[in-house]
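Please open the model in a viewer and keep the sequence panel at hand. The stops below are meant to be selected in turn.

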Amino acid sequence: MRQSGIFKRELGRSRKSSWLGSVVCPVQTFKSLHALTAFESAIQILFAKNANQSEKKFISSNSFENLKHQHAAGISKHTNINNSYPCKHHSCVGETTSGLHWLIPPNRSFSSTSSLYSKGALNASGASIVLPASLNSKITPSAEIPSWNHPAHAFSVEGRQFCSSSSPFQPPHSQVGRYVAYGFLLAGSGLATYYFYPNPNKTKQQLPQEEHTVTNWSGTHEAKTKNYLQPESLKELEAIVKDANKKKQKIRPVGSGLSPNGIGLSDDGMINLALMDKIVDIDKEENRVTVQAGARVGQVVEELKPHGLTLQNFASIKEQQIGGFIQVSAHGTGAVIPPVDEQVISLKLVTPALGTLELSPQSNADLFYLARCGLGALGVVAEATLQCVPRHRLLEYTFATNVKEIRKKHKKWLQENRHLRYMWIPYTDTVVVVQSNPLPEGREPPNYRNRYEPEERLKHVRALYKRLSAEYRLRTLRDFCLKRLSGGVVVLEGPSGGTIEERQGYPGKTSDEKAGLWSGTGAGSQEPLGILTDDELSTLSFTELRDKLLALDPLSKELVIQINKAEAEYWKRSEGYRVGWSDEILSFDCGGQQWVSEVCFPSGTPTNPNLKDIAYVDEILKIITKEGFPAPAPIEQRWTASSRSSMSLASSSSAHDLFSWVGIIMYLPTANEEQREAITKKFFQYRHATQKQLWDPYRAFEHWAKLELPADAESLAWIQNRLRSRFPVESFNKARMDLDPHNILSNEVIDKMFPQIEK
């Protein structure tokens, strides 16, 4: 197991083995009785105490000053008790701040410990003083050495008196006092060692924990926690959950961080199963695979390839961990293909209260169907067995049409195509249709050749970028020059329409306008003013070019309309066929960082669609036009069959029900916080308008991984009441109480959506 902030390392010795030899300052200076002898010698030399004590003399400052300059090069650095920093007094080796000089025995050192400092033997700087034997050899007997009792030589260090004229120094008449002092020193050192020296048994708990910051892919939500756990085996996972339950410590399950919202995040603690990513078993006879929950979708697909198997459906990407993939009811598209949770045929769930449970339709069926899409709140999914299908190729046909054609042929296309996806482009009449169907073995795709080469399909988009970026650059320079000429107060025409009044600074803009390329450096180039060169443009895909264009002014409706029209033209030029394995075809590029809101609602059956799915998007387009939202493309629409999982957005008792999934979007093509805040504010206005006007009439509910909870109590109560009307919230909360009585697996999102749980 990897645990944040707790490092498994042994520091130092145990208490028993370090009583004398490994003590902290001041004891570290005296590591043995030999060190005590050095201490005694230093005191004696400091006071120049000779054998007969009849002539005690002191070396003059002048003699010592000459010596220290001769040896400055060789004694420029000295070490403290940790051998970590140079002496602060390079030019005054052996000299205190008060001007006192002394000699120290050859090759020995002092540290500014409390005991020495109290005797005035060292300066206050903390520097250690070391003099080599060669220096002592240069001191000649001709130096003037005054008597101990001479009153003129009374002196002190940092205000601490060694002797005074009124009380001259008297040499000791007994060794008893000295050894008593040594005894106290040793006793104090032992106590210091016992209580302060790093103890391996204590250090593991006392080390500061490392803080983990977990951010979702779009950078719209994050959590900071010191309790971030990553077990490497089922045994470790069980131990973690048991211990957390005992301590009532939060361990919210979090996956790859790909959910647009913060459903898997918690500041109080998280558990991630990325290290539990093994493929446990592949059953070729039953077309099943058992995997640990931390295995990624793409990894599972690769392991299934040699066995001729694959997963039934995919979302737009394959980087999700299997546990998170099934717990939030992720989905692909296909009128007769259910969300991915319906592919799960058995689960191994580690619960806080009941330990590890093995769930299936044959074993505790009610809990199995509830836990398949349990939002990580009923237990930590450790393993899952998924129903696979034979590996197959798909023929994809992409083309652009109009809204009238969609209404006319929608029912036919739903019935004829195994996978169907629409991309509606706001402020245009264009809808991009993507149809994918199995390609029988040996059959070749239609002989269709697009009249546009790949480079020509993007030519108009690159031209649009060059024109718009040049206009914005000139406008930025013009605004700046006018501001300088007018002394800082000027009224200008804003790129988003209206006027901007600048006062005292540049730029002075509204929050909407701050989202644009006002500094001329937001397009991500190294060139002056941030304008991409032709070489840079040639390396970008369409979605990357769209981000660069939006970065110019993402909240300008006029700019977004131009970009959307360019996108419609791009898809018209990109009509054609593509053949590939299902996992390759069903994945697609959904653009850069973004805010997204996706809802699911019933829309009849595949054989008899009620066309509410088309009406829903038509209503969104009307809202966009009426409110003037700068809505970029696409509005994405997909379909699935129903699911038997109780908490699935597509849950239904009928296997024939059809559900439509519709997502609206706003991109975040900038790292600037002010700009991102402005885009976020506009997106939530856009989202709120669709929520207020469409969710109830169409019985639409927001995707668990994209649901954003409101801040005000009234709106939150409205969300809670809607959830209770659609899902078995009472049964869900009862299961939470039974399986997780201390609520350690939840977070703020879960608690606010389902507040009835008893704690």
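**A loop residue with positive phi**

Begin with Leu 611, which counts as partly exposed because its relative accessibility is 39%. The model is a predicted one. Leu 611 belongs to the loop that runs between β21 (594-602) and α17. Its phi is near 65°, a positive value in a residue other than glycine. Most residues other than glycine have a negative phi, and most peptide bonds are trans.

Select Ser 329 next, in the loop between α9 and β12 (344-351). Here too phi is positive, near 60°, in a residue that is not glycine. Is Ser 329 buried or exposed? With 0% relative accessibility, Ser 329 counts as buried.

Move to Gln 321, in the loop between β11 (309-311) and α9 (322-327). Gln 321 counts as buried because its relative accessibility is 5%, and the cut-off for buried is under 20%. Display its surroundings: beyond neighbours within four places in sequence, the contacts of Gln 321 include Val 254, Ser 256, Asn 272, Leu 273, Ala 293 and Arg 296.

**The cis peptide bond**

Select Ala 633 and Pro 634, which are joined by a cis peptide bond with omega about 0°. Pro 634 sits in the loop between α17 (612-627) and β22 (635-641).

**The nonpolar cores**

Now colour the largest nonpolar core, a set of 117 residues. Tyr 422, Trp 424, Tyr 616, Ile 635, Tyr 686, Trp 704 and Phe 754 have the most contacts inside this core. Helix α18 (residues 673-698) supplies the largest share of the core, 8 residues. Centre the view on Tyr 686: leaving out residues up to four places away in sequence, Tyr 686 touches Ile 620, Ile 624, Phe 629, Ala 631, Ile 635, Ile 664, Ile 665 and Met 666. A second, separate core has 28 residues, among them Ile 425, Val 432, Val 434 and Ile 665.

**A helix pair**

The crossing of α14 past α15 is right-handed. Show side chains to see Phe 542, Arg 546, Leu 549, Leu 550 and Leu 552 of α14 meeting Leu 559, Val 560, Ile 563, Glu 567 and Tyr 570 of α15. This contact comprises 8 nonpolar, no polar and 2 charged residues.

**The whole chain**

Finally, zoom out to the chain, which has 21 helices and 24 strands. Of its 759 residues, 51% count as buried.

Definitions and conventions
Residues numbered from 1 in each chain as written. Predicted model: local features only at pLDDT ≥ 70, side-chain atom pairs only at ≥ 80, totals over all residues. Heavy atoms only, no water. Left-handed = near helix turned anticlockwise from the far one by under 90°. Helix = DSSP H or I, 4+ residues; strand = E, 2+ residues; numbered from the N terminus. Contact = heavy atoms within 4.5 Å. Nonpolar A, V, L, I, M, F, W, Y, C, P; charged D, E, K, R; others polar. Core = buried A, V, L, I, M, F, W, Y, C linked by side-chain atoms within 4.5 Å. Buried < 20%, exposed > 50% of the residue type's maximum accessible area, 1.4 Å probe, protein only.
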